[in-house]
Structures are given as structure tokens and as C-alpha cells.
Amino acid sequence: MIKFGGVDRIYDAYSWRITRRAKEVWRSGDVVSTSHTEGSWLDKFEKSVAKFTKRKYGVAVGSGTDALYFSLRVKGIGPGSNVLCPAVSYLATAEAIKRTGATITFVDVDRKGLIANLPATILPDALVYVNLFGNLADYDRLRQYCDKHKIPLIEDAAQSLGSFYKKIPSGKLGDISSLSFAPSKPLPCFGNGGMVLTDDIEEAKFIRSLRYHGKGTGKLEHGYNSCLSNDHANVLNFLLSKYKSLLSRSKKVRQWYTKKLNDIGISSIESSSDTTSNNHKLVIRAQDRDGLKAFLDTKKIQTQIHYPQPMSRMKMFDTGQEMPNAEKLCQDVISLPIHPFLKKDEVLHVCDSIKEYYGV
Ligand SMILES: Cc1ncc(COP(=O)(O)O)c(C=O)c1O
């Protein structure tokens, strides 16, 4: 079986060091820090990610969904706000916006699934964008749009830690940015986790308060229980120290794929030339995508569809907007296994199986 994700192999590669990091926390009894403490495991991890993304502050929270929700809240988004959002992403993106009580206006995507055609006629209160599959959207254009409308640009960087836009790291490409450390994400946690990245100390304090029952700032009636536990923080901090090597392994895997897929006339969705992708996902647009998926199942190759339908179509967000590019993308795409520890013979087996399916 060629599994889609590789978190188990990441564990195997570093098992005793990961276990030692987790045990260290469990033995201390200090598993969850509910207030910000200098020098704690959580604090060290927050500082490491902030340094990696060239941010002043990182505030770790319970999930990427919460990280995005808290980012919106700290930017004043709530009932009565109108937030622009790409039509294609994991549903958590739109869900976080909806949770604030704001109205969502979806924006159609380009052929890579990245936010395109920003509306000229409506007056939004914020723009949320996603670096889908680890590929970076056109930040300069988004920044210009947000500056013109004087609205915050909010980067959902759940899939793009380690990607760069003209040498600017993802995580820095928004007035505020959010990350996810779910097991399927580029920097995975053995559980759930997320982080808000900001350069504003007041915003950092507000989110530290939001993540633990509204304590601390005195500005909130209530907050949430959304702390990243210290065992996850300690393990994640170790994995972050290995992250450059993990990224270069994924890059190598992508190169094997590219060469082999090119031979059979298939290209994957790539990042544009002035950006560097973290190679989080290997997505191809395929004829008879569902047939291919079923065939690869018989070859014991796990694949996924990112995503089966645009968020603008989902019942819970349906705005009745037409999103032709998003619809087409969702009909065509299929994601092939990719992770730092995928082996060359596994990549060849996936590509040979695709070749066999199409008879080329
Ligand atoms: C683009 C995007 N945003 C947000 C999230 C939510 O992250 P989490 O699963 O950590 O809540 C995800 C996770 O799949 C995602 O892919």
C-alpha cells in the first residue's frame, strides 16, 4: 500500500527523538500552559516559528481553523462584515469566516486554484486568501487591492509553511497569517495544532487571551479553550529544526514525479516562477479523474481529491455565486501521494500505474 500521507514515516525516521521530546513534557506534569510563560516549551516553539517566518510574534492555538478564526476576530471581523474568500480551499477556511458571523463573498480561482478576479464593485472588510497546495498566490496584486480598499489581508498559510514569494516566507504574507499543524500538513503534529503570526504585540496579547477563556486582557467577555499542548509544541519544535531537510526531500520527490509524468505528457499544478513551493501537494488535472482514482485504488495507491466541490457550492456556505473555474478545477483534480519519505520506486509505481490506466 502506498499511503497518501507520511506522518508515520516521519515518526519512524526520528522516533526516539520524538518520543523523548513528548516524554520530557509528560514527565514534567506541565502538559498544557494556559498562560504565556517565557522559556516554556510553547514559548520556545512560538519564537522558532516566528523566526522562521520573519514575524515578531507567533501564538500557538488548538488548530488551524481556530488560528484563522482568531486572526479574523483580532482584525475586527464579525457580524455585518463582508469577507472575500477563494471559492476553492479546505472548508475550514470558509468555516472560520462564517463562525465570526460575517458574510462571505467567494472569488473564483485561476487554473492553479489560487484566488483570481477580485471584485471591483463591492466594498469588502477583509480579504482571506489561501496558498493552495503550497503554491503562492499573487501577493503583490492582493496587497495592492487591500491597500486600495484599506482592508486587512489575511493569509491562510495552513498549506504553505516553507514556501516563499519573492524571498518573503509564507506566514509573513498577510497583515496577519495563520498556520495549521494537523497531521496532513507540511509541518505535522501528532494531533491538532495551529498558530497565528503577527507583528503587533497587542494582537498577540489579544489572541493569547482568546485562546484561554478570555483571560489576560480584560477586553473579552469570553474566549475559548484552544491551547497547543506542550508535548506537541516540544515535538513540533524538534521537527522545525529538521524542516529544511524535510522540504528538500519533498522537493526531490517532486522532481522524480515531474520527470516521469512529463514522459507520459502529464503536468502537475506548479508554483509560478517568482515563488518557491514547499511541495505540500502533488496535484494533477486528469481526464476521467474518478476512473483514474478507482484504478489507482486497485493498485493499492491512496489518492485524494482536493477538493470535490468549491466551498461556494457547499450547502452551509452556498451564496448562489457562479464559479466556473472553481467548478472545473474540482471536477479535474486528483492529488497523488507526496511526503518527504516517499521512495523513488513508489513514485515510479504511481507513475507507471497512471501510464497503464491511460494506455500511453
Ligand atoms: C487551507 C486550510 N485552511 C485551514 C485549515 C484548517 O486547519 P486545521 O485542520 O488545523 O483546523 C486547513 C486544514 O486542512 C487547510 O487546508
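Which element gives the most to the shell around the ligand? It's α4, with three residues. Before you click, some ground rules: residues are numbered from 1 along each chain as its sequence is written. This is a predicted model, so local features need pLDDT of at least 70 and side-chain atom pairs count only at pLDDT 80 or more, while totals for chains, interfaces and linings use all residues.

**Stop 1: the ligand**

Select the ligand and the 16 residues around it; S63, G64, T65, A158 and S180 come nearest. Two elements give two or more residues to this shell: α4 (64-74) and α5 (92-100). Here a residue is near a molecule if its C-beta atom, placed from the backbone, lies within 6 Å of it. Helices (H or I, at least four residues) and strands (E, at least two) are DSSP runs, numbered from the N terminus.

Now colour the shell by class: you'll get nine polar, six nonpolar and one charged residues. Ala, Val, Leu, Ile, Met, Phe, Trp, Tyr, Cys and Pro count as nonpolar, Asp, Glu, Lys and Arg as charged, and the others, Gly among them, as polar.

**Stop 2: N131**

Next, pick N131, in the loop between β4 (126-130) and α6 (139-149). Is N131 buried or exposed? N131 counts as buried because it has 31 C-beta neighbours inside 10 Å. (The cut-offs: buried means 20 or more other C-beta atoms within 10 Å of the residue's own, exposed means 12 or fewer, and partly exposed is in between; C-beta atoms are placed from the backbone.)

Leaving out residues up to four places away in sequence, N131 touches L136, A137, A157, Q159, S160, S163 and S170. A contact means that the two C-beta atoms, placed from the backbone, lie within 7 Å. Try the distance tool on N131 and A157: they're 26 residues apart along the chain, yet their C-alpha atoms are separated by 6.1 Å.

**Stop 3: a three-stranded sheet**

Show the strands and look for an open sheet in the order β7-β6-β10, with antiparallel pairing. β7 (168-169) and β10 (275-276) are at the edges; each has a single partner strand, so one side of each has no neighbour in the sheet. Strands pair if DSSP finds at least two bridges between them. β6 (residues 164-165) and β10 are joined antiparallel over two bridges.

**Stop 4: two helices**

Select α3 (residues 41-52) and α8 (residues 230-241), which pack at about 35 degrees with their axes 8 Å apart. Axes are lines fitted to C-alpha atoms, for helices over the stretch in contact, and angles run from 0 to 180 degrees between N-to-C directions. Among the residues that meet here are W41, F45 and F52 from α3, and A233, L236 and L240 from α8. The contact has eight nonpolar, four polar and one charged residues.

**Stop 5**

Where is H213? Look in the loop between α7 (201-210) and α8. H213 has a positive phi of about 60 degrees, although it is not a glycine. H213 is partly exposed, with 14 other C-beta atoms within 10 Å.

Then jump to N279, in the loop between β10 and β11 (282-285). Phi of N279 is near 60 degrees, again positive in a residue other than glycine. N279 counts as buried, with 28 C-beta neighbours inside 10 Å.

Last, zoom in on Y307, in the loop between α10 (289-298) and α11 (324-332). The peptide bond from H306 to Y307 is cis, with omega near 10 degrees.
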